[in-house]
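Here are my notes for your next look at this model. Please read them with the structure open.

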Amino acid sequence: MALGVVVVIVAACETAPKIVSGSGAAYPYSPQEFRVHSLSRFVGDSADGFTGVELWIEFLDGEGQTARGVGHVQAQLTISGRPGVVASLNLDDRSANAAAWDPPLRMYRMKIEIKPPVPATPPPTARVTTTWSPSTGGRVTVNSTVGTR
């Protein structure tokens with residue numbers, strides 16, 4: 001009986017682990033990397049041209065599983081013969097984060113409007129430079145190409 005009481009007292013005195021912001025050990029399922037998913041594509045009526053690009057941003061934790069993101073994402077879209085278009089998403093804003101999050105796909109959708117529309121023929125492609133600035137500091141940049149699918 002005395003042994004059981006000692007065990008309970010020792011367990012009750014155990015200190016909680018110290019949580020350090022941005023630490024992989026403290027937050028093992030926080031985003032460690034991100035990518036522009038292959039679902040990204042031009043959107044709009046192809047007969048009248050494409051009016052935008054839909055980027056699908058995926059965050060991955062340390063085990064390679066999808067995760068919710070924090071921080072700031074900025075995308076610069078370049079279509080040949082046109083000036084670049086820039087869009088951003090503040091994932092630290094809870095309402096913006098919730099609005100951009102797609103639960104079934106477990107990714108963020110970022111819509112970039114293109115004015116005037118891009119002609120459908122020949123099928124356009126765009127170079128996209130996407131930068132993620134996590135809340136804990138640093139910056140990660142990914143270059144990708146988006147087509148019409």
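**Notes on the sheet and the core**

1. Start with one pair. Glutamine 74 has serine 88, in strand 6, as its bridge partner. The model is predicted, so treat this pairing as part of a prediction.

2. Strand 5 covers residues 72–78. Strands 5 and 6 run antiparallel and are joined by 6 bridges. In general, the strands of a sheet pair through backbone hydrogen bonds, in parallel or antiparallel fashion.

3. Is threonine 130 buried or exposed? Its relative accessibility is 0%, so threonine 130 counts as buried. Threonine 130 belongs to strand 9, residues 126–133. Leaving aside residues up to four places away in sequence, threonine 130 touches several residues, including Val73, Gln74, Ala75, Val140, Thr141 and Val142.

4. Next, the largest nonpolar core. This core has 27 residues. Phe42, Leu55, Phe59, Leu77 and Tyr108 have the most contacts inside it. At least two core residues come from each of strand 1 (33–36), strand 3 (50–60), strand 5, strand 6, strand 8 (107–118), strand 9 and strand 10.

5. Finally, check phenylalanine 42. Beyond residues up to four places away in sequence, phenylalanine 42 touches, among others, Phe50, Ile79, Ile114, Val118, Pro124 and Val146.

How values were computed
Residues are numbered from 1 along each chain as its sequence is written. This is a predicted model: local features need pLDDT of at least 70, side-chain atom pairs count only at pLDDT 80 or more; totals for chains, interfaces and linings use all residues. Side-chain values use heavy atoms; hydrogens and water are left out. Two strands pair if DSSP finds at least two bridges between them. Helices (H or I, at least four residues) and strands (E, at least two) are DSSP runs, numbered from the N terminus. Buried means under 20% relative accessible area, exposed over 50%, partly exposed in between (1.4 Å probe, protein chains only). Contact means heavy atoms within 4.5 Å. A nonpolar core is a set of buried Ala, Val, Leu, Ile, Met, Phe, Trp, Tyr and Cys residues joined through side-chain atoms within 4.5 Å.
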